[in-house]
Amino acid sequence: MKIRKHQIHLFILLFAASSLLFHPPVDFEAFAATSDGSVDSTVEINSSTANGPTLGNGYWFGRSVENIGDLDGDGVNDLAVGATLDPAGGTKRGTVNIMFMNTDGSVKSTVEIDDTTTNGPTLSNNDRFGYAIANIGDLDGNGVNDLAVGAAHDDTASDGNDGSLGVNSNIGAVHIIFLNSDGTLTKQSVVINDSTANGPVLGLTHYFGRSVENIGDLDGDGVNDLAVGAIDGKGAVYIMFMNTDGSVDSTVEINDSTTNGPDLASGDQFGLGIANIGDLDGNGVNDLAVGAIYDDGTGTDRGALHIIFLDSDGTLTKQSAEINDSTTNGPDLEDSDFFGSAVEKIGDLDGNGVNDLAVGAFDDNGEGTDRGALHIIFLNSDGTLTKQSAEINDSTTNGPTLSDVDRFGSSVADIGDLDGNGVNDLAVGAYLDDEIGSNRGALHIIFMHETTQPTVTITSSTGSSGDATSSTH
């Protein structure tokens with residue numbers, strides 16, 4: 001019989017209560033399930049999915065995905081999924097699909113947010129709203145998590161002269177979206193770009209908003225802050241200290257000239273993927289994992305991941321660490337795999353007390369050409385790896401069914417433990433999936449395998465001799 005986490009928690013409480021009434025003191029050790037990165041099953045969501053998204057050819061659904069918490073209160077985390085080339089109110093303006101989920105990976109209902117939505121973002125053609133999505137927490141205090149959404153091709157920021165840089169400037173922007181529990185918007189969205197007070201200093205083709213991540217409340221003011229990628233040249237990450245109304249207190253830039261920052265080459269595109277990986281170095285501040293997909297590693301464009309150790313003011317506490325195909329226990333990569341295309345913290349799979357990572361390599365060939373892959377990275381607190389990384393691709397037992405150029409691994413989200421086996425499950429985008437039409441895109445729900453069941457060790461002392469007796473469940 002499989003024992004689920006909530007059953008174990010209930011057992012602990014009941015056993016503790018009975019022990020206090022009838023026995024001497026009892027010590028408990030509870031252990032979460034562990035995983036080796038293997039897969040139990042996979043469910044695909046596309047335009048033919050019941051209650052799923054409405055898509056057309058070339059919409060790029062799955063270009064981004066984010067766990068937005070349990071909006072509708074049914075006990076299951078819901079998802080926001082970008083379709084960056086959805087025309088919405090024009091051409092390639094982009095949309096975000098709010099998807100209310102069931103525990104089996106099916107979809108209860110879908111709500112679309114775009115520039116035609118009441119209180120939605122103001123967009124222009126080719127803004128590509130939905131290129132990145134972050135759950136920023138409940139800014140407006142209505143009990144529902146809000147969103148930060150990248151529009152990396154936004155052209156509307158000012159150059160300080162005529163007020164516009166015109167089309168194809170691709171400066172980028174981030175839109176703050178204030179959600180209701182039904183997927184509607186509570187009030188007008190707010191845009192952050194290079195004309196925002198205290199915001200980032202940007203230029204042409206910076207693609208600000210190519211990635212975005214909630215990094216927790218760095219400055220202790222009660223508001224979650226953001227890390228936003230801009231991939232021009234070597235690339236950069238902007239640490240943005242936020243206010244509850246979506247405005248910005250201050251901005252700090254991290255690039256290869258930052259003290260203790262990453263070692264980058266021209267065109268590495270550092271900042272294409274970002275994950276909050278928790279506090280690795282124990283200074284009380286969350287750290288970051290940042291993808292640089294054009295890093296060469298031991299070949300050409302194999303990709304790399306940089307571990308950034310943050311301080312509360314956005315500076316770096318010590319030298320960043322790099323993970324690539326030459327790292328001990330690192331990923332097995334080939335040229336143009338683009339490792340780092342997406343990054344996500346997935347909890348402590350190997351039980352060493354450190355969060356592990358899921359990292360996309362969306363041009364990995366798999367069993368064909370550019371089908372994509374996801375690498376499970378088992379971390380130590382110093383950014384080294386505890387054991388050999390695991391790869392999920394179309395040859396993985398119970399893994400996704402892929403075709404050439406699907407680009408599985410273009411986005412990834414930890415959706416929580418859907419099936420109750422003690423291991424967090426994943427949602428992984430494949431934005432060029434063609435199954436129902438050309439480049440409509442798809443999302444794969446990956447149910448991760450547990451290698452060790454949750455256990456509870458109970459040790460009690462007898463009243464007569466003091467000898468210990470123990471049992472493990």
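How many residues of strand β9 (residues 173–177) are buried? I am working on a predicted model. I found five of the five residues of β9 buried, so I count it as mostly covered, with buried meaning under 20% relative accessible area.

Next I checked the faces of β9. Ala173, His175 and Ile177 lie on one side, and Val174 and Ile176 on the other. Both faces are covered. I note the background rule: in a regular strand, side chains alternate between the two faces of the sheet.

Then I looked up the neighbours of β9. Strand β8 (residues 146–151) runs antiparallel to β9, with five bridges between them. Val149 stands opposite His175. Strand β10 (residues 190–192) is joined to β9 by three bridges, also antiparallel. There, Val174 has Ile192 as its bridge partner.

I moved to strand β5 (residues 95–101). Why do I call β5 largely enclosed by the rest of the structure? Because seven of its seven residues are buried. Thr95, Asn97, Met99 and Met101 point one way, while Val96, Ile98 and Phe100 point the other.

Strand β4 (residues 79–83) pairs with β5 through five bridges and runs antiparallel. Ala80 in that pairing has Ile98 as its bridge partner. Six bridges join β5 to strand β6 (residues 107–113), again antiparallel. Phe100 is partnered by Ser109 in β6.

Last entry: the turn. β5 and β6 form a hairpin with five residues between them. Gly105 sits in that turn and has a positive phi of about 90 degrees.

Conventions:
Residues numbered from 1 in each chain as written. Predicted model: local features only at pLDDT ≥ 70, side-chain atom pairs only at ≥ 80, totals over all residues. Heavy atoms only, no water. Buried < 20%, exposed > 50% of the residue type's maximum accessible area, 1.4 Å probe, protein only. Helix = DSSP H or I, 4+ residues; strand = E, 2+ residues; numbered from the N terminus. Pairing = 2+ DSSP bridges.
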